[in-house]
Amino acid sequence: MIANELRERIESGAIPPGTLLPAESTLTAEFRAARGTIRQAIAVLREAGLVATEQGRGTYAHLRRQEGRPDKSPHPETRQRQVAADPELAVLFAVEVGTTLIEQELVTRTNGAVGKVVRTYRLFRAKRSE
């Protein structure tokens with residue numbers, strides 16, 4: 001289960017190639033698992049070619065396409081734009097309908113087809129000029 005969750009994060013780009021995986025202590029707390037279990041999960045990912053461990057430096061995401069596996073884009077497409085808050089978003093952010101928000105969209109593709117679209121929103125904060 002832990003290896004599968006970390007695999008999904010790497011393949012989706014949530015943990016981009018070259019990025020350090022969280023420390024074992026962080027993973028043990030997140031998954032509420034023993035350190036040995038975390039090490040076994042990382043070993044599974046290492047065998048799959050998804051991570052590489054460097055002594056004294058840590059374990060890095062290392063996305064490599066395996067034979068027989070779907071071709072997932074290691075870098076999701078990211079778009080960002082300003083949008084007006086609709087009634088549902090206005091309630092969530094406790095703002096008036098029409099308030100400017102920033103919408104960020106991440107698109108992950110598998111074999112060229114869209115596999116997942118994730119949209120996140122945040123309040124727009126205009127930069128103040130000094």
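## A tour of the predicted model

Residues are numbered from 1 along each chain as its sequence is written, and side-chain values use heavy atoms, with hydrogens and water left out.

Along the sequence, the elements follow the pattern α-α-α-β-β-β-α-β-β. Of the 130 residues, 28% count as buried (under 20% relative accessible area; exposed is over 50% and partly exposed in between, with a 1.4 Å probe and protein chains only).

**Select residues 24–31 and 35–47.** These are helices α2 and α3, which pack at an angle of about 105 degrees with their axes 9 Å apart. The axes are lines fitted to C-alpha atoms over the stretch in contact, and angles run from 0 to 180 degrees between N-to-C directions. The angle makes α2 roughly perpendicular to α3 (65 to 115 degrees; under 35 is roughly parallel, over 145 roughly antiparallel and the rest oblique).

Show side chains next. E24, S25, L27, T28 and F31 in α2 meet R35, I38, R39 and I42 in α3; contact means heavy atoms within 4.5 Å. The residues of this contact divide into 4 nonpolar, 2 polar and 3 charged.

**Select I2, F31 and I38.** These residues have the most contacts inside the largest nonpolar core, which has 17 residues. Such a core is a set of buried Ala, Val, Leu, Ile, Met, Phe, Trp, Tyr and Cys residues joined through side-chain atoms within 4.5 Å. Helices α1 (2–12), α2 and α3 each supply at least two of its residues. Centre on F31: beyond its neighbours within four places in sequence, F31 is in contact with I2, E5, L6, R9 and I38. A second, separate core of 5 residues includes V83, A85, L89 and A90.

**Select E103.** This residue is found in strand β4 (residues 100–110). Is E103 buried or exposed? At 7% relative accessibility, E103 counts as buried. Its side chain makes a polar contact of 2.7 Å with the side chain of R81 (a pair of N or O atoms within 3.5 Å, one able to donate a hydrogen and the other to accept it; residues adjacent in sequence count only if both atoms are side-chain atoms). Another polar contact of 2.7 Å joins the side chains of E103 and Y121.

Terms used
This is a predicted model: local features need pLDDT of at least 70, side-chain atom pairs count only at pLDDT 80 or more; totals for chains, interfaces and linings use all residues. Helices (H or I, at least four residues) and strands (E, at least two) are DSSP runs, numbered from the N terminus. Ala, Val, Leu, Ile, Met, Phe, Trp, Tyr, Cys and Pro count as nonpolar, Asp, Glu, Lys and Arg as charged, and the others, Gly among them, as polar.
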